[in-house]
Amino acid sequence: MTFPFDLFFDALLFGLMLGCFYAAVSLGLSVSFGLLDVPHVAHPALLIAGSYGAYLLGDFGLDPILSGILLMPLFYLFGILLYRFYYETFESRGNAAGVNGLAFFFGLAFIIEVGLIVFFGVDQRSVSASYIGKSLELGDIRLPFRLLVAAGVALFLTLTLSLYFSKTFTGRAIKAVGQDEGALRLMGANPIKIKQLAFGIATAVNALAGAMLIVVSPVEPTMDRIYIGRTFCVVVLAGMGSMSGTLVAGLLLGVAESIVLTMLGASWATAVSFGILLLILAVRPQGLFGR
């Protein structure tokens with residue numbers, strides 16, 4: 001029996017594109033959970049909300065990626081308000097903030113999911129664009145434009161956030177706020193406002209990432225349950241807050257999932273993220289690029 005190298009190569013290319021997408025949908029969680037230590041398990045639910053927002057704007061003839069960009073200010077404002085409520089209710093009171101916050105975000109995820117079911121039903125929704133359904137043909141290789149577009153936007157988003165966090169004072173303050181709030185105060189920055197800003201950015205990213213999600217595949221309200229494993233796997237594998245690490249971790253997950261899907265079937269592919277997550281927690285809890 002010969003090894004199917006052609007299938008393996010196709011799976012590798014598909015996995016690289018898929019990995020860029022996984023990195024993009026995990027960037028917001030990398031900020032909120034990785035840098036701010038907020039147990040934001042509602043992240044995937046907000047991601048799906050972004051997808052449905054792009055679906056609604058699609059009725060006006062807008063491209064889904066453009067719809068995601070237009071939704072970012074609205075999501076940013078919601079993120080600021082959401083963190084302010086979380087801070088005043090849990091974080092400022094100190095004790096058991098993590099446990100209570102976890103219950104709060106689980107409840108928020110459930111409310112978002114039920115709300116989407118009430119307004120849109122349980123059927124899958126999709127969008128239309130000129131590049132959806134078409135492929136780039138390179139000899140015997142066919143690369144779906146929907147994944148190429150999502151991968152390109154994901155790379156741009158990752159690069160933009162990496163530069164913002166490394167080159168600006170506010171970005172460096174966001175990276176430092178989870179490590180030493182006292183030192184940040186001595187530099188003249190308000191840690192609470194910095195966290196609020198960072199959480200707003202993390203939520204805004206979900207609008208564009210959600211638009212990419214509905215470009216890649218149809219969505220339905222309960223899909224957040226699938227992505228909770230994938231996004232946490234990417235963030236933990238990356239090392240809690242590393243933007244470049246998030247891209248590398250997304251690529252690793254995408255390639256692994258694609259190869260398993262090709263070689264073993266779809267039923268095994270969904271378990272890849274949880275398997276990698278458990279392995280990393282057991283072997284290297286700080287991740288590949290741990291701080």
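This is a predicted model: local features need pLDDT of at least 70, side-chain atom pairs count only at pLDDT 80 or more; totals for chains, interfaces and linings use all residues.
Biologist: How should I read the backbone of Asp37, and what is its phi?

Modeller: Most residues other than glycine have a negative phi. Asp37, a residue other than glycine, has a positive phi near 60°.

Biologist: Turning to helix pairs, how do helix 5 and helix 8 run relative to each other, and at roughly what angle do they cross?

Modeller: The idea is to take the angle between the N-to-C directions of the two axes. For helix 5 (residues 145–167) and helix 8 (residues 191–216), the axes come within 9 Å and cross at roughly 170°. An angle over 145 degrees counts as roughly antiparallel, and therefore helix 5 is roughly antiparallel to helix 8. The crossing in which helix 5 passes helix 8 is right-handed.

Biologist: Which residues of helix 5 and helix 8 meet?

Modeller: From helix 5 come Arg146, Leu147, Ala150, Val153, Ala154, Leu157, Leu161 and Tyr164, and they meet Leu197, Ile201, Val205, Leu208, Met212, Val215 and Val216 of helix 8. By class, the residues of this contact of helix 5 with helix 8 comprise 14 nonpolar, no polar and one charged.

Biologist: At roughly what angle does helix 5 cross helix 6?

Modeller: The axes of helix 5 and helix 6 (residues 169–177) come within 5 Å and cross at roughly 90°. Since angles of 65 to 115 degrees count as roughly perpendicular, helix 5 is roughly perpendicular to helix 6. Tyr164, Phe165, Ser166 and Lys167 of helix 5 meet Phe169, Thr170, Gly171, Arg172, Ile174 and Lys175 of helix 6, and this contact of helix 5 with helix 6 has four nonpolar, three polar and three charged residues.

Biologist: What about helix 10 and helix 12, and how are their axes placed?

Modeller: The axes of helix 10 (residues 243–264) and helix 12 (residues 272–283) come within 10 Å, crossing at roughly 130°. That angle makes helix 10 oblique to helix 12, and the crossing of helix 10 and helix 12 is right-handed. Leu253, Ala256, Glu257 and Val260 in helix 10 meet Val272, Ser273 and Ile276 in helix 12, and the residues of this contact of helix 10 with helix 12 divide into five nonpolar, one polar and one charged.

Biologist: Returning to helix 8, are Thr203 and Ala198 buried or exposed?

Modeller: Thr203, found in helix 8, is buried with a relative accessible area of 1%. Ala198, which also lies in helix 8, is buried with a relative accessible area of 0%. Not counting residues up to four places away in sequence, Thr203 touches Leu46, Phe75, Phe78 and Gly79, and on that condition Ala198 touches Val31, Leu36 and Ile174. Ala198 and Glu137 are 61 residues apart in sequence and 40 Å apart in space, C-alpha to C-alpha.

Biologist: Finally, how many aromatic pairs does the count come to?

Modeller: Two rings pair if their centres lie within 6.5 Å, and by that rule the count comes to 17 aromatic pairs. Tyr52 and Phe120 form a tilted pair, 4.6 Å centre to centre with 40° between the planes. Tyr52 lies in helix 2 (residues 43–58) and Phe120 in helix 4 (residues 97–120), so this pair ties together parts that are 68 residues apart in sequence. Both Tyr52 and Phe120 are buried. Ring pairs also link Tyr83, Phe85, Tyr86, Tyr87, Phe90, Phe104, Phe105 and Phe199 into a cluster.

Notes: Residues are numbered from 1 along each chain as its sequence is written. Side-chain values use heavy atoms; hydrogens and water are left out. Axes are lines fitted to C-alpha atoms, for helices over the stretch in contact, and angles run from 0 to 180 degrees between N-to-C directions. Helices (H or I, at least four residues) and strands (E, at least two) are DSSP runs, numbered from the N terminus. Angles under 35 degrees count as roughly parallel, over 145 as roughly antiparallel, 65 to 115 as roughly perpendicular and the rest as oblique. A crossing is left-handed if the near helix is turned anticlockwise from the far one by less than a right angle, and right-handed if clockwise. Contact means heavy atoms within 4.5 Å. Ala, Val, Leu, Ile, Met, Phe, Trp, Tyr, Cys and Pro count as nonpolar, Asp, Glu, Lys and Arg as charged, and the others, Gly among them, as polar. Rings of Phe, Tyr and Trp (its six-membered ring) pair if their centres lie within 6.5 Å; planes under 30 degrees apart count as stacked, over 60 as edge-to-face and the rest as tilted. Buried means under 20% relative accessible area, exposed over 50%, partly exposed in between (1.4 Å probe, protein chains only).
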